[in-house]
Amino acid sequence: MGGYGTYLGFRIKFSDDVEEKAKAKDLHPKLLGGMFFFFALGATGGITSLLTSDKPILESPHAVTGFIGLTLLTIQTILPSLFEGNPGLRNVHGILGSSIMTLFLVHAALGLQLGLSY
């Protein structure tokens with residue numbers, strides 16, 4: 001979801017095709033909103049799993065990257081409402097979004113490592 005959502009964000013910024021840009025503008029926030037929802041559910045499940053296993057929460061690198069990622073996604077969600085007053089925030093939104101996706105790739109690798117350690 002995040003990879004395709006990121007692609008759509010770049011299509012909004014760089015496409016010259018008006019129809020493609022309109023479709024991307026429609027789908028981009030919906031897709032990434034869904035990603036945020038599922039990641040938040042995953043965090044809830046992960047914390048619940050740790051609590052039921054009597055393991056400390058928020059001590060693993062996976063938990064830390066997840067918390068940072070969800071915090072940055074929250075900021076990322078607020079930025080579009082500020083575009084009208086400050087068009088330069090569109091660039092910040094793109095750079096931050098790409099950085100968040102890189103963070104979530106690291107997060108996925110840490111999650112795989114954590115899962116294989118059980």
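## The largest pocket

The largest pocket holds about 770 Å³ of space, a value computed from a predicted model. Its lining is made up of 27 residues, and of these Gly-9, His-28, Leu-32, Gln-76 and His-93 lie nearest the centre of the pocket.

Four helices each supply at least two residues of this lining, namely H1 (2-14), H2 (18-52), H3 (61-78) and H4 (89-116). Among them H4 gives the most, with nine residues. By type, the lining of the largest pocket divides into 12 nonpolar residues, 12 polar residues and three charged residues.

## The second largest pocket

The second largest pocket has a volume of about 440 Å³. It is lined by 19 residues, and those that lie nearest its centre are Gly-42, Ala-43, Gly-46, His-62 and His-107.

Here H2, H3 and H4 each supply at least two residues of the lining, and the largest share, eight residues, comes from H2. The lining of the second largest pocket divides into 12 nonpolar and seven polar residues, with no charged residues.

## Helix H4

Helix H4 runs over residues 89-116.

An α-helix has 3.6 residues a turn, so residues three or four places apart point the same way.

## Regions annotated in UniProt

The unreviewed UniProt entry places the feature "transmembrane region" at residues 31-51, 63-83 and 95-116. In the model, the chain over residues 63-83 is 76% helix and 0% strand, with its end C-alpha atoms 31 Å apart. Over residues 95-116 the chain is 100% helix and 0% strand, and the end C-alpha atoms of that stretch are 32 Å apart.

Notes. Residues numbered from 1 in each chain as written. Predicted model: local features only at pLDDT ≥ 70, side-chain atom pairs only at ≥ 80, totals over all residues. Heavy atoms only, no water. 1 Å grid on protein atoms, 1.4 Å probe; cavity = no way out; pocket = protein on both sides within 12 Å on 5 of 7 lines; lining within 4 Å. Points joined across faces, edges and corners; volume = space filled by probe spheres on them. Nonpolar A, V, L, I, M, F, W, Y, C, P; charged D, E, K, R; others polar. UniProt positions renumbered as here; feature names shortened; annotations may be inferred.
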